[in-house]
Amino acid sequence: MLIKRRRGWELPESAATPEAVYRDRRRFLKTAAAGSVLLGAGGLLAACDEPAQAESRAEDLARFYPQDDPSAALYPVPRDPRFELDREITEERLAVTYNNFYEFGSSKNVWQNAQDLEIRPWTIAIGGEVEKEMRLDIDDLLQRVELEERLYRHRCVEAWSMAVPWAGFPMRRLVEIAKPLSGAKYVKMTTFLDPDTAGGQRSSWYPWPYVEGLTIEEATNELAFIGTGIYGKPMPKQNGAPLRLVVPWKYGFKSVKSLVSFEFTRERPVSFWEEIQGREYGFWANVNPEVPHPRWSQAQEELLGTGEKIPTLLYNGYGEWVAELYAGMDQTSRTLWM
Ligand SMILES: Nc1nc2c(c(=O)[nH]1)N[C@H]1C(S)=C(S)[C@@H](COP(=O)(O)O)O[C@H]1N2
Ligand SMILES: [Mo]
């Protein structure tokens with residue numbers, strides 16, 4: 001695995017928007033001055049040669065991002081302060097190279113293969129149980145919504161996790177634009193289908209395209225987010241450019257990438273992994289450390305890039321936002337948690 005061990009204090013400056021860097025820096029210096037926590041002489045040395053390092057890091061990182069993205073000027077966007085992390089932001093380089101995107105293969109070369117994806121022009125179809133079906137151009141959509149940054153934890157079903165600054169807009173805003181009819185109970189979201197570009201889609205044993213679904217209540221919950229950028233820049237292709245779902249209280253496979261369609265339905269859609277292996281990857285997929293995957297425990301997660309294992313939290317720590325969505329359901333049913 002290409003995970004390099006790093007100490008927590010080396011991460012923040014590489015990992016966020018300039019404003020946030022400034023704020024974190026101040027907090028870092030205050031903490032250091034107070035003489036508390038883990039900082040030895042090594043930490044202070046690292047702080048001294050920071051500007052030069054930060055510059056070369058920025059150049060190095062640029063190659064993981066789309067070139068000539070017409071939305072680039074929109075970023076960075078203001079951070080929504082309501083979403084605080086209990087852990088360090090994941091090192092940017094890892095978050096944009098250690099990807100799951102089966103359309104581009106199952107190895108960790110995914111990020112390179114994904115560079116073939118053409119993200120302009122890009123049209124999003126809105127249909128099904130809506131007042132009026134429509135097609136939205138991505139850049140028109142980006143003008144209509146207000147972009148913000150949110151720091152979210154992300155828990156993959158494979159028991160690793162990251163914490164990243166997403167840019168994007170509440171999914172509720174997209175539902176408002178779509179104007180679903182009263183019969184709409186679910187939103188089905190679909191990834192692009194283009195086997196010429198995405199080699200993984202030439203494997204016929206997968207039920208392409210990748211599909212995911214949420215109930216309308218989930219989709220309009222404050223936490224449900226449409227990601228259009230990351231680390232203060234437009235979304236890299238490998239992370240699901242130009243727009244993807246981000247639902248941090250659910251296992252990562254629900255956060256479907258590179259979306260071309262939102263369809264409002266009466267019936268519950270069958271998602272990609274549910275169709276492949278429904279006994280292991282269900283519709284709800286809410287994070288719960290006490291309900292093991294049939295083949296491994298979900299009690300802990302490895303923090304990407306640190307080698308450290310920490311306890312997994314119920315709803316990935318987002319119960320205050322989302323637990324009420326499931327209050328009326330049988331909490332002992334495994335299907336709620338996988
Ligand atoms: N279309 C599509 N979306 C996808 C996937 C995928 O293979 N294809 N993988 C999922 C899984 S398992 C995870 S953990 C996250 C990974 O997102 P990241 O690469 O931005 O970390 O994307 C999810 N969305
Ligand atoms: Mo995942």
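Trainee: Which residues line the second largest cavity?

Mentor: Rolling a probe the size of a water molecule over the atoms shows where empty space is left. On a 1 Å grid over the protein atoms alone, a cavity is a set of points where a 1.4 Å probe fits but cannot get out, and lining residues have an atom within 4 Å of a point. Here the second largest cavity is lined by Asp 69, Ser 71, Tyr 75, Arg 120, Ile 138, Leu 142, Thr 228, Pro 234, Met 235, Ala 241 and Pro 242. Before going further, note that this is a predicted model, in which local features need pLDDT of at least 70 and side-chain atom pairs count only at pLDDT 80 or more, while totals for chains, interfaces and linings use all residues. Residues are numbered from 1 along each chain as its sequence is written, chains are lettered from A and ligands numbered from 1 in the order in which they are written, and side-chain values use heavy atoms, with hydrogens and water left out.

Trainee: What volume does the second largest cavity have, and how do its lining residues divide by class?

Mentor: Its volume is about 50 Å³, where a volume is the space filled by probe spheres set on the grid points, which are joined across faces, edges and corners. The lining divides into seven nonpolar, two polar and two charged residues, with Ala, Val, Leu, Ile, Met, Phe, Trp, Tyr, Cys and Pro counted as nonpolar, Asp, Glu, Lys and Arg as charged, and the others, Gly among them, as polar.

Trainee: Which peptide bonds are cis at Pro 76 and Pro 242?

Mentor: Most residues other than glycine have a negative phi, and most peptide bonds are trans. In this model a cis bond joins Tyr 75 and Pro 76, with omega about -5 degrees, and the bond from Ala 241 to Pro 242 is also cis, with omega near -5 degrees. Tyr 75, Ala 241 and Pro 242 are among the residues that line the second largest cavity. Pro 242 lies in the loop between β8 (233–234) and β9 (244–246), helices (H or I, at least four residues) and strands (E, at least two) being DSSP runs numbered from the N terminus.

Trainee: Where is Ala 285 found, and what is its phi?

Mentor: Ala 285 is in the loop between α9 (272–277) and β11 (300–303), and it has a positive phi of about 55 degrees although it is not a glycine. Ala 285 is also one of the residues that line the largest cavity, whose volume is about 60 Å³.

Trainee: Which pocket does ligand 1 take up?

Mentor: A pocket is an open set of grid points with protein on both sides within 12 Å along at least five of seven lines, and a molecule sits in one if more than half of its atoms lie within 2 Å of its grid points. Ligand 1 takes the space of the second largest pocket, which holds about 390 Å³. Of the 25 residues that line this pocket, the closest to its centre are Asn 100, Phe 101, Tyr 210, Gly 252 and Phe 253.

Trainee: Which atoms of ligand 1 lie 2.7 Å from Tyr 102 and 2.6 Å from Lys 257?

Mentor: A polar contact is a pair of N or O atoms within 3.5 Å. An oxygen atom of ligand 1 lies 2.7 Å from a backbone N or O atom of Tyr 102, and an oxygen atom of the ligand is 2.6 Å from a side-chain N or O atom of Lys 257.

Key. Polar contact = N/O pair within 3.5 Å; in protein donor to acceptor, adjacent residues only side chain to side chain.
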